[in-house]
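Visitor: I would like to go through this structure with a few questions. Please show it to me before we start.

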Amino acid sequence: LFHAESVQSTESVPESKAMSHVFHRSAKQTPPVATRGEGGYIFDKAGKPYLDGSGGAAVSCLGHSDPDVIAAIKAQADAIPFAHTGFFTSEPAERLADRLIAHAPEGLDKVYFVSGGSEAVEAALKMARQYFVEIGEESRGRFIARRQSYHGNTLGALGTGGNAWRRAQFQPLMVETSHIAPCYAYRGQEDGEDLVAYGQRVADELEAELLRVGPETVIGFIAEPVVGATMGAVPAVPGYFKRIREICDRYGILMILDEVMCGMGRTGTLFACEQDGVSPDIVTIAKGLGAGYQPIGATLCTARIFDAFQNGSGFFQHGHTYIGHPMATAAADVVVTKLTDGGMAARAADMGEKLGAALFEAFGQHPHIGDIRGRGMFRGLEIVADRETKAPFDPALGINKKVKAAAFEAGLICYPMGGTIDGVQGDHVLLAPPFILTDDQLGELVDKLGQAFGAVL
Ligand code: PLP
């Protein structure tokens, strides 16, 4: 195991333990041991409760002790825990695929299961490339994505992701991708420009880039409908994705939406892109799909793409041992049922409104909070040194890490990120609490975030 970088340990970790055989995410710190979950809380070994204000990394949409999901996993373990997809399908995988397609944006028809977000993106990129091979357009070999995006840490996903600093040392291994501006009105909108005009202007960068590199060389455009980890819950402005859809269609490239973080009810609808009024050719989901109970992701595609495989080679040249894992799909089937029929995505919309309002109330006038944004239970606060000029803090101050540590100390899990990202952005805090959050817990979240800001800003 290789744990998150900047979480301060609240336990004293003996030197020998810090140097144990676990390859923690930080090579310098060992985080506290999580031993129990209850609703929106995680408890460490010492019994300290942490309110999960970010669902880990926008994962735990149903909290940490959902009895129905746990029962489904146990029942599937008793029936058949694993059967390799080279030989078998499983009842839960078939059920889950039907359920996802029944609720998916128009045109999506097939579900390719994987074990997480990066795998879902990797499958999307390869599926898109092989689609063009199947239809005889082999000249297409590159992608267009956006700066300040994150699509995962495997090589394809990292290459399309727009965080230069994450890619830097792996550059020789990257897939060919060019990056256009994100839709980030807080920093990109010009004086006197209305939001819609801003959205069209930045969407048109896709067309300009297509013309620059030659549209016949491009496989597709990939973007997060609401940007998560790298920007802090930034939705596109109205009309942006419709324009992107038009441009993709005009030049015959695939529109791939990465809903690994913002999908599965997080923004108040099962798929985030529903709110932008567009249907992608391919969409990736993970995180909330398994809600943390099982590692699972999926890549959904249209019938047109699947048909090209069916009428062509008949085989997607891709795969992992654990795709469509019966216990993971059994868990996710209950999760998706709860999000849809159980009304949990609608609850994310309602509670999300309350959360947004509470954040505005508490921090709308804060001298170091420049922007509060997001949809549903996916909210971001951008921290600035100066509200007027929007100047960020010096990255060397590590403001976001300090906020994360202070919140953790106060018993709140939140997801700050930032520093300099491609030379533009400062620090932000991402909130993505479980949809089951109560009004009292919502108050606790805002109070504890306030304590953390008080200690750092
Ligand atoms: N895509 C997006 C938009 C993400 O936010 C993430 C993870 O944060 C990923 C892909 C990668 O997912 P995973 O960490 O499950 O591999």
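This is a predicted model: local features need pLDDT of at least 70, side-chain atom pairs count only at pLDDT 80 or more; totals for chains, interfaces and linings use all residues.

Visitor: In strand 11, which residue is the bridge partner of Ile 256?

Guide: For Ile 256, the bridge partner in strand 11 is Ile 282.

Visitor: In which sense do strand 11 and strand 12 run?

Guide: Thr 284 has Thr 299 in strand 12 as its bridge partner. Four bridges join strand 11 to strand 12, residues 297-302, and the two run antiparallel.

Visitor: Is Leu 270 buried or exposed?

Guide: Leu 270 sits in the loop between strand 10 (254-258) and strand 11 (282-285). Leaving aside neighbours within four places in sequence, its contacts include His 103, Leu 339 and Ala 345. A residue is buried if 20 or more other C-beta atoms lie within 10 Å of its own. Leu 270 has 24 C-beta neighbours inside 10 Å, so Leu 270 counts as buried.

Visitor: How far apart in space are Leu 270 and Val 336, C-alpha to C-alpha?

Guide: In sequence, Leu 270 and Val 336 are 66 residues apart. In space, their C-alpha to C-alpha distance is 8.6 Å.

Visitor: Which helix gives the largest share of the shell around the ligand?

Guide: The ligand is surrounded by 15 residues, and Gly 117 and Ser 118 are among the closest. The shell divides into seven nonpolar, six polar and two charged residues. The largest share, three residues, comes from helix 5.

Methods
Residues are numbered from 1 along each chain as its sequence is written. A residue is near a molecule or strand if its C-beta atom, placed from the backbone, lies within 6 Å of it. Ala, Val, Leu, Ile, Met, Phe, Trp, Tyr, Cys and Pro count as nonpolar, Asp, Glu, Lys and Arg as charged, and the others, Gly among them, as polar. A residue is buried if 20 or more other C-beta atoms lie within 10 Å of its own, exposed if 12 or fewer, and partly exposed in between; C-beta atoms are placed from the backbone. Two residues are in contact if their C-beta atoms, placed from the backbone, lie within 7 Å. Two strands pair if DSSP finds at least two bridges between them.
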